[in-house]
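Biologist: I'd like a close look at just one part of this model, please. Could you walk me through it?

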Amino acid sequence: MKIYNSMTGRKEEFIPIDGRNVKMYACGITVNDLSHIGHARQAIVYAMFTDYLRYRGYNVKYVRNYTDVDDKIIDKANSLGRDAIEFSRAQIVEAEKDLESLHITSADVKTKASEYIEKIIKFVEELIEKDMAYSTPKGDVYYRVRNFRNYGKLSHRKIDELLNGVRIDLEEGKEDPIDFALWKSAKPGEVSWDSPWGQGRPGWHIECSVMATDTLGETIDIHGGGRDLIFPHHENEIAQSEALTGKEFAHYWSHCGLIKINGEKMSKSLGNSVTIRDAVKMYNYEVLKYLMLSKHYSSDIDIHDEDYILSEKQMYYFYNTISAAEKYAKTYIGDENGEKIEDGTLNTIKEQFVEAMDDDFNTPVVFANLHVTLKNINNLIKTSNKTNRQVIANTIIKSLNDIKEVYGVLGFFKQNPDVFAKEIKEKYLNKMNINEKFIDDEIAKRTEAKKNKDYVQADKIRAELDGIGIILNDTIDGTKWDIKELY
Ligand SMILES: [Zn+2]
């Protein structure tokens, strides 16, 4: 399989360092507030990597960190009159709840910076010994960037070019503006730990180098994170780790695209940030996952309000089609080992899935395939007659089993289709201010009218319901209603 590597700028054959064992680290959440859908996307993407690699037979160890000490956390905790660590621990509990509400594969190890202080100090001491870092009289420690020959290799820029794009704070004792903090001396009232350089706390970049090395070893297979982390965060992780170990830090650098809201960058200052909590209240988690995975993980997503609705309609269509096909296969007792119809699409569901996913986790193609597959299933049902229905039922049951297997790898179609559809229909009825009992009563009246051969009345009821957005389908199991807007 192939994975895009930001380091080389190419899709490369994926070859783990250690046979079938894969070590993956992804930069996690800085818990200064509730997690938003940008965090959700990144967690969904690296859970998807993990799930698919496991499906392909790899043993994956997936590590994610929580940044629980930094300036923003300290400021926020101070403004609330809370202890910074107590505050960030409470935020981690909330972040975990939010990620769980998305029903995604969780990291195997979740590290917290505040639990790594001793190891961070040791790492920094070793960098100082190697002349790659220096302490200042004030008690700060900086990384000596110009001593690391390959600085800029991930962002493909030279040090002086990089300097143009950054805000430079000329701090006391800093030798060079490009140097970055490994350890920050404590200001009054800040959370701090004892160190050889006095009271202080770690810088942000060092925590990932230390935690990744500690949990996974000196060289890892895949290092992931949002694309906004390439510089300076990931560049600095490389500088710290490779200066210390002399080995390549990560074989594959993977970056997930960013999220925009209605064409603008998502940010708290613009007031357009959407929390996971609010999103899950409005939309089923599979709808949100579809919204994220129907686009390639590396591309930016510009989410407009209607995109949620389109994703919801799409999932509604998928679930309803699968449910109808299931009912058909059940009625005619499909047997997946029985004689089946030759259909290039339906006979190769698993192969198509693997082909798309092996190509740098191409989930947009995976969902495009699903459209074609479901369309072919619908077409088969349309051609059903007494002589071919057994073969069709066999084909459908096999196709449905394959769909559930492969889309199940990505966490889809695990809910009861009727419950899923009901949830969405109820939401629409509420919005339309229509009582479900009213619809049932109207359908009963129409059935009665039809029984009495009063077709004028029956048609009138259908037209009236249609006028308020309710459509009727007469099936062998009786009349079913649906929401016009969902089609
Ligand atoms: Zn990181």
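Which residue in S8 is the bridge partner of Val141?

Modeller: That's Trp183. Before we go on, a word on what you're looking at: this is a predicted model, where local features need pLDDT of at least 70, side-chain atom pairs count only at pLDDT 80 or more, and totals for chains, interfaces and linings use all residues. Residues are numbered from 1 along each chain as its sequence is written.

S8 covers residues 180–185; strands here are DSSP runs of E, at least two residues long, numbered from the N terminus. On one side, S8 pairs with S7 (residues 141–143), antiparallel, over three bridges. S9 (residues 200–202) is also joined to S8 by three bridges, again antiparallel. To count as paired, two strands need at least two DSSP bridges between them. Trp183 turns up in this second pairing too, with Pro202 as its partner in S9.

How enclosed is S8? Six of its six residues are buried, so the rest of the structure largely encloses this strand. Buried means 20 or more other C-beta atoms within 10 Å of a residue's own, with C-beta atoms placed from the backbone.

There's a link to the largest nonpolar core as well: Leu182 is one of the residues with the most contacts inside that core, alongside Ile44, Val124 and Ile396. The core has 119 residues, a core being a set of buried Ala, Val, Leu, Ile, Met, Phe, Trp, Tyr and Cys residues joined through C-beta atoms within 7 Å. Helix H1 (residues 37–55) gives the most to this core, eleven residues.

Definitions and conventions. Buried ≥ 20, exposed ≤ 12 C-beta atoms within 10 Å, placed from the backbone. Helix = DSSP H or I, 4+ residues; strand = E, 2+ residues; numbered from the N terminus.
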